[in-house]
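Please look over the chain and its fold below. A short report on selected features comes after it.

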Amino acid sequence: MLARHQDPIAAIATAPGRGAVGIVRVSGRGLGALVRSLCGRDLQPREATYTAFRDADGTAIDHGLALHFPAPHSFTGEGVLELQAHGGPVVLQLLLARCLAAAAEIDPVTGAPRLPGLRVARPGEFTERAFLNDKIDLAQAEAIADLIDASTEAAARSASRSLSGAFSTEIHGLRDALVHLRMLVEATLDFPEEDIDFLQRDDAHGQLERLQGRLQHVLLRARQGALLREGIKVVIAGQPNAGKSSLLNALAGAELAIVTPVPGTTRDVVSQTIQIEGVPLHVMDTAGLRHSDDLVEKIGIERAWGHIETAEAVLFLHDLTRVDDPEYRAEEDRIKMGLAQKLPKSVPVIDVWNKVDAVGPQSARPGVLVSARSGQGLGSLRQQLLEVAGWQAAPEGVFIARERHVQALREVEGHLCNAASHLAAAQPSLDLVAEELRLGQEALNRITGEFTSDDLLGVIFSSFCIGK
């Protein structure tokens, strides 16, 4: 481990602001002297003790619960002290400052500083210690942050499933099967003079096919987990007064955007995250697209096109009360041409025909017929949004995942496909098969952190909150 991972660390572990309870957490080796200085006594391991938290002169800063978790039986794998006090920000800052000061004081028993080098923890450093001390793997560490940041119930349950090790178990199963295949291939390479054909005897072809099938199952659930975590960006686009703001309000179930009959009311982007079957969708209402000489409206239209270009799905909203107007249709065609030019072909555009309640029954149109005012057709629109988002699995079978996990699994998929091609050749190139399997194993190891650069760790843990 790097030298900084040896330093004892301390931080306020609860969210900023006022609350009933706040926690100051310390992690490091040899916390006994610090515990005695702060609490005036030794603490029974893993047993909550009501006590005073004492300042340097012996006066009480606050009274609360103290818990001491001696190493290695703690979250970080080091000794951990938690002080549960009243949740006022001033009290917690005083406790944190007292921990830092007490650590530097000379202990009268040992004649040495009580906890030399104690410093304030960086974001995610407690969880990073847990990973480095083999208490959790990297996928579980990421699941902690995802559980905290979960925006839907389904995402929280899936993150909890990953934290319990469900995702890691799947990855370890894939890795073990891949390692067994590597063993067969390399045994054949190492003992070519033997009469035993290890690959044929152990059905290497069949094992590889089963491994590919198992990988597809894990990849599907990982993609669904990534969708639960990230959601997709949905932009509502269309001409002024088509009902874009009304549609946003209807989907969100709240009056978020101003709705008036005046064209150009929406000048800037209004966004809201909604959930459909637990999948978060980041829906954005944009300025109406048209030619305008109004400077402010032109800026709004430029921003609208900017958001459309970065969308993962677009709702192209049409006004059924104006579809027979030649000028309106001409503007629709210009917008459609702009969407085709600015959007990759992979980004779905859903045609949404609004105000069906004002025009009565309609002949079949490509897309979805809705009324943002009455709610008619919104159920069908929600289901189509789930479909274009790629939602296929029930939340109960999904574990939370990140895009890096999905990319790693796709990398494994490519290496297994290459290995299968080499193995199926008339003259199999076992050296190439072995190399593809090795690369696939490395990609799997990156998911759980068994093969991970310090740079990647820095990126991952820097996104955590301080104290976790």
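This is a predicted model: local features need pLDDT of at least 70, side-chain atom pairs count only at pLDDT 80 or more; totals for chains, interfaces and linings use all residues.

Residues are numbered from 1 along each chain as its sequence is written, and side-chain values use heavy atoms, with hydrogens and water left out.

**Cores**

The largest nonpolar core has 35 residues. A nonpolar core is a set of buried Ala, Val, Leu, Ile, Met, Phe, Trp, Tyr and Cys residues joined through side-chain atoms within 4.5 Å. Buried means under 20% relative accessible area, exposed over 50%, and partly exposed in between (1.4 Å probe, protein chains only). Leu228, Leu247, Leu281, Leu315, Leu381 and Leu385 have the most contacts inside this core. Helix α13 (residues 378-389) gives the most to this core, five residues. Helices (H or I, at least four residues) and strands (E, at least two) are DSSP runs, numbered from the N terminus.

Leucine 385 is in contact (heavy atoms within 4.5 Å) with Val234, Ile276, Leu281, Leu315 and Ile350, leaving aside neighbours within four places in sequence. Another core, of 33 residues, lies apart from the largest one. Among its residues are Leu181, Ala204, Leu211 and Ile447.

**Helix α9**

Why is helix α9 (residues 244-252) largely enclosed by the rest of the structure? Because seven of its nine residues are buried. They are Lys244, Ser245, Leu247, Leu248, Asn249, Ala250 and Leu251. These buried residues pack against β7 (232-238), β8 (270-276), β9 (279-285), β10 (313-319) and α13. Just after α9, glycine 253 takes a positive phi of about 70 degrees.

**Second largest pocket**

This pocket holds about 340 Å³ of space. Its lining has 16 residues, and Arg223, Leu227, Ile232, Ala389 and Glu403 lie nearest its centre. On a 1 Å grid over the protein atoms alone, a pocket is an open set of points where a 1.4 Å probe fits, with protein on both sides within 12 Å along at least five of seven lines; lining residues have an atom within 4 Å of a point. α8 (204-230), α13 and α14 (403-424) each supply at least two lining residues. The largest share, six residues, comes from α8.

**Two buried residues**

Arginine 98 sits in helix α2 (residues 89-104). Arginine 98 is buried, with a relative accessible area of 5%. A polar atom of its side chain lies 3.1 Å from the backbone oxygen of arginine 54.

Isoleucine 9 is in strand β1 (residues 9-12). Isoleucine 9 counts as buried, at 0% relative accessibility. Its contacts beyond four places in sequence include Arg25, Val26, Leu118 and Phe126.

**Backbone details**

Most residues other than glycine have a negative phi, and most peptide bonds are trans.

A cis peptide bond joins alanine 71 and proline 72, with omega about 0 degrees. Proline 72 lies in the loop between β4 (60-69) and β5 (79-87).

How values were computed
A polar contact is a pair of N or O atoms within 3.5 Å; within protein, one must be able to donate a hydrogen and the other to accept it, and residues adjacent in sequence count only if both atoms are side-chain atoms. Grid points are joined across faces, edges and corners, and a volume is the space filled by probe spheres set on the points.
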